[in-house]
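Here are some friendly notes on side-chain pairings, to read with the model open beside you.

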Amino acid sequence: MWKKAFSKAPDFEKYGKKNSPATNVSTIEKLKKFLDFCHIKYCLLKPYFEVDDYPLVEARELLPSFEVDLYEYKALPGMSLVVFERQLNSFQEVFQYDALHALSEWEDMHDKGSEACGVEENVIATNIRTFQSRLPKRHHTDFLKEFDSSDITTMDNYGEMLEFLLELERAHVLALDPNGKFTLQGMYASLPSNLDSELKQFGLRIGKFKPGNSLMYECNRLFVYQFMMELHGFPIVSERRTSSAMFAIRLLRSGERFIVRVLGQSDRTITTMMTPPPDTPKRIKKYPRIEKIALVQVNENQKDTITLLKERGFLVDPKKRVVILRVIYQQHEYSPKNVREDRALSVLRQEVIHPITGEVIDSLNIIQNIQNMILQLNDIVRGEYRMPINYKRNEIIRNTDTPENRLKVLYTWLSKHMHRIVDYTDEYYSQLVRVLDGYLLAPEHYNVFNEHYSLHQEVWSRYGHIQQARKVRILEDLRYRKYKGEPVTYEKMLELMTEIMNELKFEIVNYFDKLVVKVLIIGNDVISDPYLLRKYVNIDQKKLSPYGRRIRQRYSQLVTLLDEFRSIRKSRTSGTLEPGMF
């Protein structure tokens with residue numbers, strides 16, 4: 001089936017046919033359409049149909065925060081790619097690569113009398129020798145049989161060249177030739193990774209590091225590292241993906257128009273970092289646009305979705321319910337005021353791609369179906385969950401057959417989906433609470449939980465954190481006088497804030513310092529509101545209307561509550577009790 005992939009997709013077939021006018025594509029946005037089809041066909045679909053037991057990507061793997069890879073699949077392809085929307089200048093580039101020359105480029109050099117260059121006159125033969133010098137010897141015969149005397153730089157040959165480009169350890173490079181066409185202009189490229197400098201600069205910018213403060217650096221380094229990598233679509237992983245992310249940062253900062261693309265043998269996912277579209281909000285334009293493409297199995301419970309996809313021919317493998325899924329993400333700037341402090345990415349859009357026509361459906365929710373998540377949670381507490389889980393990055397749990405595994409998987413699941421659960425509607429959150437309370441508070445489990453006391457407390461701690469974070473999330477909205485999406489008056493804002501903070505005060509038996517800090521920051525923002533101070537606080541009470549006196553009274557209650565929270569924090573942080581423990 002993979003050989004017929006995108007056979008009716010105009011943006012793929014017209015570009016790939018020789019002497020087609022579509023080969024004049026000269027922008028990265030238009031080229032990306034061709035690259036998407038080409039890489040899906042040869043890097044995802046071809047292996048899927050040729051490799052036994054192809055490891056499909058779990059939908060949860062495409063949800064931030066991204067998990068550390070469990071395995072490396074040696075039989076699957078891996079690659080790195082950089083695209084520049086300009087001509088290359090080998091001496092002035094900031095990375096090393098083996099140059100390949102388009103025929104038009106050589107003609108331009110020859111016209112200018114560049115006879116001192118060591119490149120032989122026969123450009124095609126020189127390109128083939130250069131490529132062959134980096135290709136593993138076992139592939140030489142097949143390569144020469146396919147491309148001897150052919151121009152390997154033209155995009156007409158790119159699909160067939162991928163078989164051999166995927167055998168190279170390092171990146172290949174596409175750029176514009178003198179005629180304004182994209183060609184293969186480099187291979188075996190080493191992408192520079194100035195990780196140390198980027199990490200420290202980013203940590204200083206978000207306030208997690210201070211110059212010369214080693215203790216602060218050591219305490220926050222992992223958080224900063226993980227947040228910075230996730231902004232660029234990765235967990236803390238292999239050097240190939242790390243260097244690609246660091247190179248994308250460098251290119252964006254220098255004003256380049258670029259694409260950086262990576263396919264990992266472990267994640268089986270094509271990750272793209274590229275210049276953000278012109279309509280991107282200014283605050284996040286400093287980050288590249290992030291996309292991921294993978295072969296994903298649609299959950300069997302999404303019956304209506306499966307029927308629709310089957311009727312319209314979107315299923316790559318109808319028996320296994322496999323689709324080509326593209327996920328586009330949006331970045332979130334770090335803010336110490338945000339209860340979801342470590343949320344760097346969220347899903348902006350999901351697109352299911354037709355394997356023949358390239359048509360896209362972007363109205364389906366394949367990976368974030370809340371009902372599927374509730375069903376997953378049910379499977380975990382019942383001991384029926386069978387997907388591999390990486391517990392705290394040092395242990396792989398393959399099932400939930402034992403109470404110990406069940407608690408470890410439950411802790412990991414709650415940690416993974418914490419940001420989404422905090423944003424759940426009351427309806428879905430109540431379903432989740434019923435499942436969790438039904439398991440964690442069941443009398444028949446008490447003896448088992450006593451045997452695994454520390455694991456049980458870990459789960460309760462994470463559950464308690466989510467419960468409190470939901471309340472702090474409401475406080476965040478109230479700070480801007482919004483409640484459940486609706487605007488509220490100053491009086492209602494203060495009334496709701498004091499009510500929620502009173503509830504939190506009694507829940508802090510399970511103490512989380514970061515959440516208490518958020519409460520104090522949000523509360524201080526409100527009591528420092530210039531309008532409140534001018535109209536209701538710093539004014540003679542006799543001049544206030546009944547409405548104004550009620551606001552002033554609520555304001556005083558809020559100030560008192562904030563003092564109580566400061567007192568609680570002081571007693572907790574000066575004591576020996578660790579955050580998050582009962």
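1. Let's begin with Lys286, which is partly exposed at a relative accessible area of 44%. Please keep in mind throughout that this is a predicted model. Lys286 forms a salt bridge with Glu333, and their closest N and O atoms are 2.6 Å apart. Lys286 sits in the loop between strand 6 (270-274) and strand 7 (289-297), while Glu333 sits in the loop between strand 8 (322-331) and strand 9 (345-353), so the pair ties together parts that are 47 residues apart in sequence. Glu333 is partly exposed as well, with a relative accessible area of 34%.

2. A salt bridge also joins the side chains of Asp423 and Arg473, at 3.0 Å from N to O. This pair links distant parts of the chain, 50 residues apart: Asp423 is in the loop between helix 13 (418-422) and helix 14 (426-440), and Arg473 is in helix 16 (residues 453-479). Asp423 is partly exposed, at 38% relative accessibility, whereas Arg473 is buried, with a relative accessible area of 18%.

3. Arg569 belongs to helix 20 (residues 546-573) and Asp513 to helix 18 (residues 513-527), so the two are placed 56 residues apart in distant parts of the chain. Here Asp513 counts as buried at 18% relative accessibility, and Arg569 is partly exposed with a relative accessible area of 29%.

4. How many salt bridges does the count come to? The count is 40 salt bridges. A network of them links Lys32, Asp36, Arg261, Arg289, Glu291, Arg326, Arg349 and Glu351.

5. On the aromatic side, the count comes to 25 aromatic pairs. One of these is the tilted pair of Phe143 and Phe147, with 5.7 Å from centre to centre and 45° between the planes. Both residues lie in helix 5 (residues 140-147), 4 residues apart, about one turn of the helix. Phe143 is buried, with a relative accessible area of 0%, and Phe147 is buried too, at 2%.

6. While you are in helix 5, find His140 there. His140 is buried, with a relative accessible area of 18%. Beyond its neighbours within four places in sequence, His140 is in contact with Gln132 and Leu135.

7. Phe84, Phe95, Tyr97 and Phe247 form one aromatic cluster. Elsewhere, two lysines lie over ring faces: Lys200 over Tyr217, at 5.7 Å from the ring centre, and Lys208 over Phe223, at 4.8 Å from the ring centre.

Note on methods:
Residues are numbered from 1 along each chain as its sequence is written. This is a predicted model: local features need pLDDT of at least 70, side-chain atom pairs count only at pLDDT 80 or more; totals for chains, interfaces and linings use all residues. Side-chain values use heavy atoms; hydrogens and water are left out. Rings of Phe, Tyr and Trp (its six-membered ring) pair if their centres lie within 6.5 Å; planes under 30 degrees apart count as stacked, over 60 as edge-to-face and the rest as tilted. Buried means under 20% relative accessible area, exposed over 50%, partly exposed in between (1.4 Å probe, protein chains only). A charge sits over a ring if NZ of Lys or CZ of Arg is within 6 Å of the ring centre and within 35 degrees of the ring normal. Contact means heavy atoms within 4.5 Å. A salt bridge is a side-chain nitrogen of Lys or Arg within 4 Å of a carboxyl oxygen of Asp or Glu.
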